[in-house]
Amino acid sequence: MPSVEETKCTRLVFGARSFIMNRRRWIQSGCLALAACGKQSLSSQKVKAGPFSVLVPTEWMEGTRVQKVPAQPLYTREGWDAFQQNPMHALKPGYACRPMHWSIQFPRLSLPNEPFDFATAGDDPTAPQILIHEAQGWASVSNDGIHRSRDDAWTSSGMSQDLAKACAESEHFPKNPGFHDGSLDFLCLKKTIRFIGGRGVRMLGQIIVEADLMCRGGLHYLFLGMSDDHSCQIIATFPVDLEGLPSSDYSVDKKHLGWSLEPYGAFTRQMDAYSKEAVAWLQAREDLIVPSLKSLDKMLQSLVVRTWG
């Protein structure tokens, strides 16, 4: 039997070893945690736009530009006065007619062989960018920036109600306040996304004027959202690519899924049937879409947009 003193010594030795082993584990786990944090910080970077921010994957950061853009109403003061005197002076809005907003643009997310143009991106409804608007400005931007539109759909409360309906009803897609000459077709892959300070809906779609094929350069990721206090309205757009899509100019192929634009009259009459087939084809290949929808969703989830302020 060991003596009392020998037992005490043994406990002290084992206690010291236990302390050293625990300390080593603590240091190792701390190093691993620091390494993980370092890896995370390298994988994404925070981009600030005034009081707003978003975490952007590092590989998408090249050439990213942030700017605050003043309101660009449809009419100047002189143009508005002329329109009041003669309806023939009515103007047609463009996508660039929008309220004051912060713009975060991502040239790296342009499609291959389609270089990003900073000069025209503000008027491009599919350019890779996040636009954070002063929501109340939508009600007057289609006039002279002062007089409210007669359409209540573009007031803060109108847009909020439409977004709430889109979040609650699977078949309802929110309306885009940004004007574009055409309508959205091939709408699918709808998902509600919460960000820090609000929520929105993402979807895929393509703006078309007449019957057309789903195509590369037209098909895009669209996110429409609002801050919880209804002071900020967000539009985010990113062109997407997928093997099997024809090019937008049809320089290579005017066919998709066995459907052809020629003869055009016959295609026009069957556009609804083609649209359903194209949407089903797209949904079945959701995980093959570039850039990854999950990556785009994650970036939108990291948005911090609480109030216009």
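Which elements are included in what covers the buried residues of α7?

Modeller: Happy to! This is a predicted model, so a local feature is used only with pLDDT of at least 70 and side-chain atom pairs only at pLDDT 80 or more, while totals for chains, interfaces and linings use all residues. Residues are numbered from 1 along each chain as its sequence is written, and side-chain values use heavy atoms, with hydrogens and water left out.

The cover over the buried residues of α7 includes the strands β2, β5, β6, β7, β8 and β9. "Buried" means a relative accessible area under 20%, "exposed" means over 50%, and "partly exposed" lies in between, using a 1.4 Å probe and protein chains only. "Contact" means heavy atoms within 4.5 Å.

Now for the helix itself. Leu 293, Leu 296, Asp 297, Met 299 and Leu 300 are the buried residues of α7. They sit on the same side of α7, because they cover an arc of only 160° around the axis. That arc is taken from the directions running from the helix axis to the C-beta atoms. Lys 294 and Lys 298 are exposed, on the face of α7 turned away from its buried side.

Look at the start of α7 too. There, a side-chain oxygen of Ser 292 comes to within 3.2 Å of the backbone nitrogen of Lys 294.

One of the buried residues of α7, Asp 297, also belongs to a network of salt bridges with Lys 191, Arg 202 and Glu 286. A salt bridge is a side-chain nitrogen of Lys or Arg within 4 Å of a carboxyl oxygen of Asp or Glu. Within this network, Arg 202 pairs with Glu 286, their closest N and O atoms being 4.0 Å apart. This pair links distant parts of the chain, since Arg 202 is in strand β7 (residues 198-208) and Glu 286 is in the loop between α6 (271-284) and α7 (293-301), 84 residues apart. Arg 202 is buried, with 4% relative accessibility, whereas Glu 286 is partly exposed at 27%.

By the same rule the count comes to eight salt bridges. Strand β6, part of the cover over α7, takes part in one of them through Arg 194, which meets Asp 228 with N and O 3.0 Å apart.

Ser 231 is buried at 19% relative accessible area. Its side chain makes a polar contact with the side chain of Thr 307, at 3.4 Å. A polar contact is a pair of N or O atoms within 3.5 Å; within protein, one atom must be able to donate a hydrogen and the other to accept it, and residues adjacent in sequence count only if both atoms are side-chain atoms. Not counting residues up to four places away in sequence, Ser 231 touches His 133, Glu 134, Ala 135, Thr 307 and Trp 308.

Helix α4 (residues 156-168) has 13 residues and reaches 18 Å from its first C-alpha to its last, close to the 18 Å expected at 1.5 Å a residue. The expected span is 1.5 Å times one less than the number of residues.

Finally, the wider setting. The protein chain has seven helices and 11 strands. Of its 309 residues, 42% are buried. Among contacts with a separation of 6 or more, 67% join residues 24 or more positions apart.

Technical notes. Helices (H or I, at least four residues) and strands (E, at least two) are DSSP runs, numbered from the N terminus.
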